[in-house]
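Hi everyone, thanks for coming. I'd like to walk you through the pockets in one model, and then a strand beside them in my notes. Let's bring it up.

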Amino acid sequence: MDVNSDFDQRVVLHTEEIPWESSPMAGVARRRLDRVCGDNERVTTVVRYAPGSSFSSHVHTGGEEFIVLEGIFEDDYGNWPAGSYIRNPPQSSHTPSSKLGCVIMVKLGQFHPDDRTFVHAHIDKLGAVKDADRPNVKVSPLYRDAREEVSVELWQAGTVVPLDTVGGVEVFVLEGEFTEDADTLQRHSWLRLPSGEAVNVTAGPAGARVWIKRGHLLNL
């Protein structure tokens with residue numbers, strides 16, 4: 001079943017209010033944010049691994065990217081603590097597990113089929129540079145190609161931040177909060193905006209740290 005599959009629509013979800021659904025694997029549960037069914041299913045979810053749980057070995061024909069929100073995620077490429085950002089390109093394979101348990105935000109099936117670029121990064125170990133065009137904003141780049149740009153941004157408390165929505169944008173709150181339109185997005189809230197004009201958001205009283213993906217919705 002498709003979920004939030006109309007990418008011309010604005011979507012706001014507070015993921016911690018969404019009930020957990022069981023997955024086919026024992027101990028692994030998920031909260032769906034969007035899903036487009038088809039031969040190469042496109043999905044955005046928050047996934048929880050109970051301590052000692054695992055998922056069977058599989059190939060990502062359409063690629064996978066995720067950020068570890070809590071705990072430690074483990075697979076063939078390493079052990080990834082909270083704050084890790086991972087891109088596993090099309091045709092990569094792994095066997096995910098977590099001895100201690102973890103929570104990740106993951107996107108599946110949304111890469112260009114020719115992409116073969118791996119990214120293994122930790123957002124706390126990356127430098128953050130001031131955005132010359134947006135005062136009180138610092139940016140940690142994670143990935144960029146002709147189709148999309150992925151980064152972590154730090155927004156100082158009370159800052160009005162313009163978001164360029166050309167090509168569409170997704171924002172996932174890692175820490176703090178911000179407001180957009182009439183909604184307040186807090187830790188682990190998710191905002192998806194269709195391609196259009198710039199939108200202003202306002203960082204909360206403690207500021208906000210957010211994961212952002214831009215430009216990709218026109219390529220889905």
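Let me start with the second largest pocket: its lining divides into six nonpolar, two polar and three charged residues. Here Ala, Val, Leu, Ile, Met, Phe, Trp, Tyr, Cys and Pro count as nonpolar, Asp, Glu, Lys and Arg as charged, and the others, Gly among them, as polar. A word on the source: this is a predicted model, where local features need pLDDT of at least 70 and side-chain atom pairs count only at pLDDT 80 or more, while totals for chains, interfaces and linings use all residues. Residues are numbered from 1 along each chain as its sequence is written, and side-chain values use heavy atoms, leaving out hydrogens and water.

A pocket, on a 1 Å grid over the protein atoms alone, is an open set of points where a 1.4 Å probe fits, with protein on both sides within 12 Å along at least five of seven lines; lining residues have an atom within 4 Å of a point. This second one holds about 160 Å³, the space filled by probe spheres set on points joined across faces, edges and corners. Strand β7 gives the largest share of its lining, three residues; strands are DSSP runs of E, at least two residues, numbered from the N terminus.

Now, what is the volume of the largest pocket? About 570 Å³. Closest to its centre, of 28 lining residues, are Arg30, Phe55, His58, His60 and Leu108. β4 is among the elements giving two or more residues to that lining.

Finally, β4 pairs antiparallel with β12 through seven bridges, where pairing takes at least two DSSP bridges. Thanks, all!

How values were computed:
Helix = DSSP H or I, 4+ residues; strand = E, 2+ residues; numbered from the N terminus.
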